[in-house]
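Subject: Structure handover

Hello,

Here is the structure for you to look over. My notes follow below it.

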Amino acid sequence: MVVAPPEVEPPGHAPDGPGARRAADRRAAARGIASRLALMAVPFAFFAVFFAYPVAAIVARGLKDGGRWQFGRMGEVLGDPHIGHVLWFTTWQAAASTALTLALALPGAYVFARFDFPGKQVLRAVVTVPFVLPTVVAGSAFLALLGRGGLLDELWGVRLDTTVWAILLAHVFFNYAVVVRTVGGLWAQLDPRQEEAARVLGAGRFAAWRRVTLPALAPAVAAAALMVFLFTFTSFGVIQILGGPRYATLEVEIYQQTAQLLNLPTAAVLSIVQLLAVCVLLAVHAWTVRRRESTLRLVDAARTAHRPRGAGQWALLAGVLTCVTLLILLPLAVLVQRSFDGPDGYGPVFYRALQSAADNGGTFVVAPLEAIGNSLSYGLAATAIAVVIGGLAAAALTLRGGAKGGAKGGARGAGRLVRGFDALLMLPLGTSAVTVGFGFLITLDKPPLDLRDSWILVPLAQALVGVPFVVRTMLPVLRAVDVRLREAAAVLGASPLRAWREVDLPLVGRALAVAAGFAFAVSLGEFGATVFIARPESPTLPVAVARLLGRPGELNYGQAMALSTMLMLVCAVALLALERVRTDRSGEF
Amino acid sequence: MALLRLDGVSVRFGARTALDAVDLEVAEHETVCVLGPSGSGKSTLLRVVAGLQRADAGRVTLEGRDQSGVPTHRRGVGLMFQDHQLFPQRDVAGNVAFGLRMRGAGRAERARTVDEVLDLVGLPGAQRRAVGALSGGEQQRVALARALAPRPRLLMLDEPFGQLDRGLRERLVVELRTLFSTLGTTVLAVTHDQGEAFALADRVVVMRDGRIAQSGTPLEVWQRPATEFVARFLGFDNVVAADVLGEAADTVWGKVPVPPGAPQGTQRLLVRPAGVRLTDVRDGLPCTVEARTFRGDHVALMLRPGDGPRLEAACALRDAPEAGARVGVAFDADEVVVLSAP
């Protein structure tokens, strides 16, 4: 059959007046923006009340004197060479940690996404455990590994605690899971046939990966890198323990100025600096990922994984397992070993001591063991809040409103709105937790928002850090859902909301589970803000650990290790349950 | 009354016009096939009717009711997507029952309808199968079943046989035609394949660059392509400039007889291959046989005359000359069509 080449004709003019059309476009664009705003309203209100207000209040307290703003203080503080040094160190260690984490964890993400091997689920949960460990505990574990009298010192006489390497490795320890989960979650669902198509077209194995898979993964990698950078930029506990007097990040400096020197003005300036730095970072991120996540062919993750084939793949698996063992399992093992290493040889001495408040010489009003129950209920509440707020936010960010193909002005306005909102959601990650916690204390204690005595205060603060995780995990997957599946549902009679529930939700159920797991884990491990607002009679696990570590004596140290071990177990069990929920999900109707 | 009516519907994507003031009517129980090359606006037409694409101008009416402002899910039309768009997380029954659930049908009714529709499309007992495990043809059937199950007042098919192999495609076309006439379904299909269109449709609408080039029964369109574009799109390439006077036309191929009542003057002329008759080289237009293609029941010959465009001729197997042979050509007035301006 021969098809005549279509002749090019000048585009015809509509019989309808352009004015009427533009009005219709505007209406459609307005409808799109309106439904987007409706979805945004709840997350927006949440952030205004529980983030912007407390942070603003604490900043105002530091910079206001006698009702007048004292902006001169900013120059004074920033001119200080010590602060300059802190700023420089904060930045470069964050960059180095991010690079090192990506280098070590991307192969891990691949292995977890594409290979089947015995114990994979357990291991996936295990690598997530560090993420929820109180930073102080992990710091001590690394000290026991790399410091004076540590394992490396005993074996080869190597000590790293005086170098920045200890900090970098501890940061990898914490953030390995961020990359494996964020990138691996998407990688597992990428259709391998895309890469096969490239191979058939003559691309080598690496070229196919670089040209096909990497671009598809890029948004997820960027998201993971951003998160790791933010975490390490605001790193606190690790630096406290391993940095010694030589190394301090902004967050450590803010804590010292607030809690030890009671120098609120300097702390306020540093909080602002940290906030600004994070804003710049988020702006750069928004600019680089401006090109939207492309629609990807997502397939069932279970179908893409296979047993490793050939020497190369086995070597890769072995390499990743070795890396996980040395970087993650070893410090955790040291932790467990220490929790049993009592004064009279190995035994559950420290665990027994946790059962009563009396054995602790007044450190606790209640038995430390109760902290487990507190942590779990706080964590569940925080997860629920984070999933609802983050889910609404992610939905608002992916909504393809009536602005499509409509008035350009409206679409551009909506785009700016979305990017601004997107950035706002990430701010809590980069904001000093110390500032947020302290801000909660001084703002939410009077009507109309008198939450001082309410248990919800702690979950609220924890959810604040959980929401960005939910949004970041959901967004790439939500955006990758083929818009035509939604259209198919609409043609079959599903309203937009129903289509979202019937099509998007089941497809992103996996991402939702991952997001919930993250939010739960973050809540369990949150320390900086919780330590300010948790009531003495209901401490969370990390707070209890910190209190024990703050006291001298072998019994307290041992109990801290025992409690950390239990926290680790709680996380591992919770995450394992989550993994199971995730794989049992099939054929819902 | 027409079930579906489009009045001056236009859609523009930036500077490109996908639909340009299209008027179209589909009567109840009628099967209309929109035929056109890719990029001619066929799919956009379906999307406008489904409400997935807003028209920049014009009006879509279904059963006499203006559909502007009616969202897709309230239009009560069915659309089978080109690449099916089956819901990957649901099994076959889950996909087919989707539309029924949206209409609030009860469990028993859903199960019964799913059984019925799967029987209709020839996949009985496939309810619990995963859609990912189906072959292309089976996916096609499931997509069709899903579109049919809620009994839409208008069923739209976007390249319904695009990804199927030939044998399956031909079988399905026949099955569908029977199915639609049994059910009395009103169908609006789009395809780029004339064979499919002619086999499936009561009426064929040929589109070009967002406009309707011709509309008629398959026989009408096949026998009397209205323009050179339609003729060439249908695969007829024996088109030549002609000066028509009475019942004959002057062309570079010499005198060609035209049917009585043909428009006079300068025209474009189509001679269907069946109307190109081989004669002795001394009796007709002398040509060289450039190529011969075996077409099953006949042989297609590509002939090079001394002057003017090449000619395609259809001739019986036993009469077919070898490539390189010299033959003469005469024309049958019955197979000659005078085309109107493009």
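Two residues are in contact if their C-beta atoms, placed from the backbone, lie within 7 Å. A:Val77 touches A:Ile83, A:Thr266 and A:Val269, not counting residues up to four places away in sequence.

First, the ground rules. This is a predicted model: local features need pLDDT of at least 70, side-chain atom pairs count only at pLDDT 80 or more, and totals for chains, interfaces and linings use all residues. Residues are numbered from 1 along each chain as its sequence is written, while chains are lettered from A and ligands numbered from 1 in the order in which they are written.

Back to A:Val77. This residue lies in helix α2 (residues 72-79) of chain A. Helices here are DSSP runs of H or I with at least four residues, strands are runs of E with at least two, and both are numbered from the N terminus. A:Val77 counts as buried because it has 20 C-beta neighbours inside 10 Å. The cut-offs: buried means 20 or more other C-beta atoms within 10 Å of a residue's own, exposed means 12 or fewer, and partly exposed is in between, with C-beta atoms placed from the backbone. A:Leu270 is 193 residues from A:Val77 in sequence, yet their C-alpha atoms are 8.2 Å apart.

Chain A overall. It has 24 helices and six strands. Of its 589 residues, 48% are buried. Among contacts with a separation of 6 or more, 81% join residues 24 or more positions apart.

Confidence in chain A. The mean pLDDT (the predictor's confidence in each residue, from 0 to 100) is 76, and 81% of the residues score at least 70. Helix α3 (residues 81-114) is highest at 90, and helix α17 (residues 408-430) is lowest at a mean of 65. Residues 1-18 stay under 50, and the model gives them 28 contacts beyond four places in sequence. Residues 401-411 are also below 50, with 30 contacts beyond near neighbours in sequence.

Helix α11 (residues 250-260) of chain A is mostly covered, with eight of its eleven residues buried. Among those buried are A:Glu251, A:Glu253 and A:Gln257. A:Leu262 follows α11(A) and has a positive phi, near 50°.

Now a helix pair. Two packed helices are described by the angle between their axes and the distance between the axes. In chain A, the axes of α18 (residues 433-443) and α19 (residues 457-480) come within 11 Å and cross at roughly 145°. Axes are lines fitted to C-alpha atoms, for helices over the stretch in contact, and angles run from 0 to 180 degrees between N-to-C directions. A:Val436, A:Gly437 and A:Phe440 in α18(A) meet A:Leu457, A:Ala461 and A:Leu464 in α19(A).

A:Met474 is in contact with A:Gly390, A:Gly391, A:Ala394, A:Val508, A:Ala511, A:Leu512 and A:Ala515, leaving aside neighbours within four places in sequence.

Chain B has nine helices and 20 strands. Buried residues are 47% of its 342. Residues 24 or more positions apart make up 65% of its contacts with a separation of 6 or more.

One residue to look at is B:Leu24, in strand β2 (residues 16-27) of chain B. B:Leu24 is buried because 20 other C-beta atoms lie within 10 Å. Beyond four places in sequence, B:Leu24 touches B:Leu6, B:Val205 and B:Ile212. The C-alpha atoms of B:Leu24 and B:Ala2, 22 residues apart along the chain, are 9.6 Å from each other.

Best wishes
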